[in-house]
Amino acid sequence: MTRAEKAKNYFLSGYNCSQAVLLAFSDELDVSEETLKAVGLPMGGGMARLRQTCGGVSGAAICAGLLFPDLPKSEMYAVVQEIARRFSEKNGSFNCGELLSGAAVKADTSPAAEARTQEYYKKRPCPDLVADAAEILEEICKERGRIQ
């Protein structure tokens, strides 16, 4: 199973976008799954459902920091900007609200998380978006020789 498929499955199992991407890389990280879940939790819904940066992109950025802990600040920023660039190129934006609106989903900013029902999953682009974020991060890791 690819990391993109893993991320999609984690999302479809009830984890938020950020958690899904982080957990897809858990085998490469020296961090417990419980810690990854905790770190990713506030980043869902474009950070706490504020509908800003896509949680999948945020998860990929956090994961990049864990995968490349010795990069200088400017180089890490370049890696994260590359993640965002590739994600935007593929999806038109990395802004959660714009991604949802583009799929005709109301970008609700209430802090109350929505119930994960079949209807919820059917209308959202999020499963495919987290797969894209994980795939992009994996490509960058391979380009940099971090994973095979």
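Reader: Why is S93 called buried?
Author: Its relative accessible area is 7%. Buried means under 20%, exposed means over 50%, and partly exposed lies in between (1.4 Å probe, protein chains only). S93 falls under the 20% limit, so S93 counts as buried.

Reader: What kind of model is this, and how are residues numbered?
Author: This is a predicted model: local features need pLDDT of at least 70, side-chain atom pairs count only at pLDDT 80 or more, and totals for chains, interfaces and linings use all residues. Residues are numbered from 1 along each chain as its sequence is written, and side-chain values use heavy atoms, with hydrogens and water left out.

Reader: Where does S93 lie?
Author: In the loop between helix 5 and helix 6. Helices (H or I, at least four residues) are DSSP runs, numbered from the N terminus.

Reader: What makes S93 and E98 a polar contact?
Author: Their side chains are joined at 2.6 Å. A polar contact is a pair of N or O atoms within 3.5 Å; within protein, one must be able to donate a hydrogen and the other to accept it, and residues adjacent in sequence count only if both atoms are side-chain atoms. The 2.6 Å value is within that limit, so the pair qualifies. A polar atom of the S93 side chain also lies 2.9 Å from the backbone nitrogen of N95.

Reader: Which residues does S93 touch beyond four places in sequence?
Author: F87, S88, E98 and L99. Contact means heavy atoms within 4.5 Å.

Reader: Why is K8 with D128 called a salt bridge?
Author: The N to O distance between the side chains is 2.8 Å. A salt bridge needs a side-chain nitrogen of Lys or Arg within 4 Å of a carboxyl oxygen of Asp or Glu. K8 lies in helix 1 (residues 3-12) and D128 in helix 8 (residues 126-143), so the pair ties together parts 120 residues apart in sequence.

Reader: How do you know whether K8 and D128 are buried or partly exposed?
Author: K8 has 29% relative accessibility. D128 has 44%.

Reader: What makes E139 and R86 a salt bridge?
Author: The closest N and O atoms are 3.6 Å apart. That is within the limit, so the pair counts. E139 lies in helix 8 and R86 in helix 5 (residues 73-91), so parts 53 residues apart in sequence are tied together. E139 is partly exposed at 33%, whereas R86 is buried at 17%.

Reader: How do you know that K142 and E138 pair too?
Author: Their closest N and O atoms are 3.9 Å apart. This is still within the cut-off, so a salt bridge is counted. Both residues lie in helix 8, 4 residues apart, about one turn of the helix. Salt bridges that share partners join R3, D27, E28, E138, K142 and R146 into one network.

Reader: How many salt bridges are there?
Author: The structure holds 19.

Reader: What makes a group of residues a nonpolar core?
Author: The members are buried Ala, Val, Leu, Ile, Met, Phe, Trp, Tyr and Cys residues joined through side-chain atoms within 4.5 Å. The largest such core has 38 residues. F11, F25, L67, I83, F87 and L137 touch the most other members. Helix 8 gives the most to this core, with 9 residues.

Technical notes: Helices (H or I, at least four residues) and strands (E, at least two) are DSSP runs, numbered from the N terminus.
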